[in-house]
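Let's take a walk through a protein model together.

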Amino acid sequence: MNKVQHSTAIYWSAALAVAILAVLPWLSVPYLLVWIFLLAVYLTLAVSYDIVGGYMGYMNLGHSVFFGLGAYTTAILLNEGVHPVLAFGSGVVVAACFGALVSLPIFRLRGAYFSLATFGLISLMGILANNLRNLTGGSGGISTPPGDHGTAAYYLSVVTAIATVFISRQLARSKFGLALFSIREDEEAARAFGTPTTMYKCLALVVSSVPASLIGGIYVWNVTYISPPAVFGLEIALSPIVMAMLGGTGTIAGPVIGVFFLTLVQEFLWTKMPYLHLTMYGIIMVLVGLFMPGGLVRTRLFRAIRERLGIGEKAGYQRGN
Amino acid sequence: MPDDVIQLLVGGLLLGGIYGLAAFGLSISFGVLNVLNLAHGEFLMLGSLAAYCAFVGLGVNPFLGAVLIIPVFVLIGMGFYHVLLRPISDKPPHQLPVASILVTLGASLAIEDLTAFFWERPITGIAYSLPPLNIGGVVVSSLRLLILLFICALAVVLQIYLKKTFTGKAIRAITQCRDGAKVVGVPIASVSAITFGLAAALAACAGVFYVTLFTVTPVIGIPLTVKYLCVVVLGGMGSLVGSVVGGLILGLAEAMTAYYLGADWSPCAAFILLISILIIRPSGLFGSNG
Amino acid sequence: MAIILECQNISKAFGGIAALTNINLRVEEGRILGIIGPNGAGKTTLFNVISGALRPTRGKVLFQGREISGLGPDRVCRLGISRTYQLARPFASLTALENVLVGVCFGRNSPPPRNRRVDLAMAELEFVGLAAKADQPAENLTLVEKKHLEIARALGTDPKVILLDEVVSGLTPSETAGIIDTIKAIQRRGITVMMIEHILRVVMELCDSVLVLHFGTQIAHDRPAEVVKDPQVIEAYLGRGERDSVGCRG
């Protein structure tokens, strides 16, 4: 098959997958729906993380702060009787404003300093969530009005995930993406050639906050209960980032592949060994860091597969644009 | 001065000294390796653990423990360097940050989790006490004073080491100009290993003192590393004086926050300080560039 | 000819070290100014001050009569001054085309519409002879190609003044000849060139006037033929008693 036929084959497969996803709720497989929901959450977080972490090169280990902010804002508003859509939207606004505000001081740090500081931001939020008991319910967490939102949440999350991948792809092929890449490659030179780096760093952070906070709102609406460790904890903070790095940071397909790969591995390992999950995570991280920090998509094996199938676009400015 | 303010000051200074010691270790390891070790807090935690075991199992007092721990952790640190950090040091510059964060954070998680697995209960501190002193009518814990003195002595020894010995000078040379140091023949890899061992030992020492005052759980590592970052940013990278002063500021800030707002809020102090310094003076109080 | 760029009493100190002291120069539009001096004389620092990467400690930089000292490098670029770097530093994992596109999209006075961007970038790549390598990652290019890419990237911002920092260092004589032709072509486009150079042969061939820096001060500013006869210059730069050896260090 030549390349054109390959591409159409891929598009048909994608269409088929979407069709299957659409009708799944009617097939009475609730476990699968929950599983796909979680997958969608991780996918949204990983891809939105990579906008700042991979395209721009600032590894924002505190990305899940937006998730938590979206979740808590939505939860608080839902309890006040606000309509879910409005609650989600407010969560996004709060997270975006937070991102814009914090970008001013935090982007004065670079490299590992930046990562550590943003990581510390999560602990800070966790403490706030614990201490502001009247607002957030404290360490006991917060419950939202019960209701069976399983199916609606499923659709919303899948749509959000797909939309996030789409946004990421469009970004990578546009002038915006070019700005981010130039900042990653050489921030000083980027400025010397006109890139308004301060503005783009802030914008990138805000853009990345939107899908994360949205999926946070959808998450709490679905599971009807969150607590500080659930949304500001280590697991939700690091999993999407490790997935993005494992798959290949700075690429369009990387985070997607990383999410699928690691979720499957998790399913397999977690059931065999109920303990030491974080240790296994840590070991995976060390191994990836030592042997393939570029991620799966940059390994020779993967490149060979890509050649054969004739797919895979590089994250870069598209001539057609 | 009222009694509790003095206690507050001493407590704050002490905490600050502990932070400063460990933060300085982080600072020199970064200066020499160009990698920020996110697992640094784990050495403190392990140091606390070791001190506890030595105290409970063998009746070793903390000060002796601190001295004994130094060589042990120098070796551990060097091992850590050779296994995890040396392999990534030749990665190309655009892969190095990702690789270093993955490796050090991964190590941190694994260490924490494994420790938590084998050690279920939190270490509620070493019950080592000395009779309190009476200075000018104020009762001060002599244990705390002694620790403070010990830390000061350690800082002086460190300063001498860095200024007078060959290795110390090599460390400073690499920190200031890596390429220049290479050109004059400084053996980068072995100096890096020793530096890292030293950094680990300093953190472990800090841990010994930490556990005489506070409860230690396996998960304190990462929040502590964030605090060290705050100290380093406050005081400026690479400066011993800066780390000490930064540590003292943070220690006092935390003690005051705990006193006036409650212990729940004291971890916030580090972060508020960090953000403030970043806005006001990004290069730190003693640093030369951000 | 109009004065397009002017430095008035520029001084730059780092801590206690004076990198530049009282630099005064005026550059005529459309000319080529060479800047020479021993290593550490402050040449790149001068470029950094002019391009906005550094603020002068004292003094002013005037571009087309307007003060630009203290504006950030991105604004200075958009006003019409762009540069290359001594050690070629293109955006490594971006393609040659994307490298030039950065300047085209962000560094011009007015950003071009979407459908013109690639054409403008390709035009500069063709100008330097890299059109065939447009889709190659910059890190895969050879040294001379990277140097050309740096020039293309700077040209992509539609500059009125271009600052070239030792563009021919490390190149073979034939590669150097190629760059010289490119610089002449740049001048023909009406762009004013300021170039830091060590190789006197190049300076003599290209430059309309030469500025000599030594320990951060300017010790001569004249036509090339005059500068090489200046006893101060000979002593400082070429060495005592070397007035006849206008040598090539290629």
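## Starting with chain B

Take the contacts in chain B between residues at least 6 apart in sequence: 77% of them join residues at least 24 apart. Keep in mind, as you look, that this is a predicted model. Chain B contains eleven helices and two strands. Read from the N terminus on, its elements follow the order α-α-α-α-β-β-α-α-α-α-α-α-α. Chain B has 290 residues, and 52% of them count as buried.

Now zoom in on one of those helices, α6 of chain B, which covers residues 166-176. Which of its residues are buried? They are G168(B), A170(B), I171(B), I174(B) and T175(B). These residues span an arc of only 160° around the axis, so they sit on the same side of α6(B). On the face of α6(B) turned away from the buried side, you will find the exposed residues F166(B) and Q176(B). The cover over the buried residues of α6(B) includes α1 (3-33), α5 (142-164), α7 (178-183) and α8 (188-213) of chain B.

Next, find the place where chains A and B touch. Chain A brings 33 residues to this contact and chain B brings 38 residues. On chain A's side, α5 (111-131) and α14 (277-291) each supply at least two residues. The largest share of that side, 13 residues, is provided by α5(A). Sorted by class, the side of chain A that touches chain B holds 21 nonpolar, eleven polar and one charged residues.

Stay with chain A and look for a pair of helices. Helix α7 (residues 150-172) and helix α10 (residues 197-223) of chain A pack at an angle of about 170°, and their axes are 10 Å apart. Because of that angle, α7(A) is roughly antiparallel to α10(A).

The crossing of α3(C) and α4(C) is right-handed. Residues of α3(C) in the contact include L97(C) and V100(C), and those of α4(C) include R117(C) and E124(C). By class, the contact of α3(C) with α4(C) has ten nonpolar, no polar and two charged residues.

Finally, pick out some single residues of chain C. N9(C) has a positive phi of about 50° although it is not a glycine, and N9(C) belongs to strand β1 (residues 3-14). Is N9(C) buried or exposed? With 12 other C-beta atoms within 10 Å, N9(C) is exposed. Q64(C) is another residue other than glycine with a positive phi, near 50°. Look for Q64(C) in the loop between β4 (58-63) and β5 (66-67) of chain C. Q64(C) has 15 other C-beta atoms within 10 Å, so it counts as partly exposed.

Definitions and conventions: Residues are numbered from 1 along each chain as its sequence is written. Chains are lettered from A and ligands numbered from 1 in the order in which they are written. This is a predicted model: local features need pLDDT of at least 70, side-chain atom pairs count only at pLDDT 80 or more; totals for chains, interfaces and linings use all residues. Two residues are in contact if their C-beta atoms, placed from the backbone, lie within 7 Å. Helices (H or I, at least four residues) and strands (E, at least two) are DSSP runs, numbered from the N terminus. Ala, Val, Leu, Ile, Met, Phe, Trp, Tyr, Cys and Pro count as nonpolar, Asp, Glu, Lys and Arg as charged, and the others, Gly among them, as polar. A residue is buried if 20 or more other C-beta atoms lie within 10 Å of its own, exposed if 12 or fewer, and partly exposed in between; C-beta atoms are placed from the backbone. The arc is that of the directions from the helix axis to the C-beta atoms. Axes are lines fitted to C-alpha atoms, for helices over the stretch in contact, and angles run from 0 to 180 degrees between N-to-C directions. Angles under 35 degrees count as roughly parallel, over 145 as roughly antiparallel, 65 to 115 as roughly perpendicular and the rest as oblique. A crossing is left-handed if the near helix is turned anticlockwise from the far one by less than a right angle, and right-handed if clockwise.
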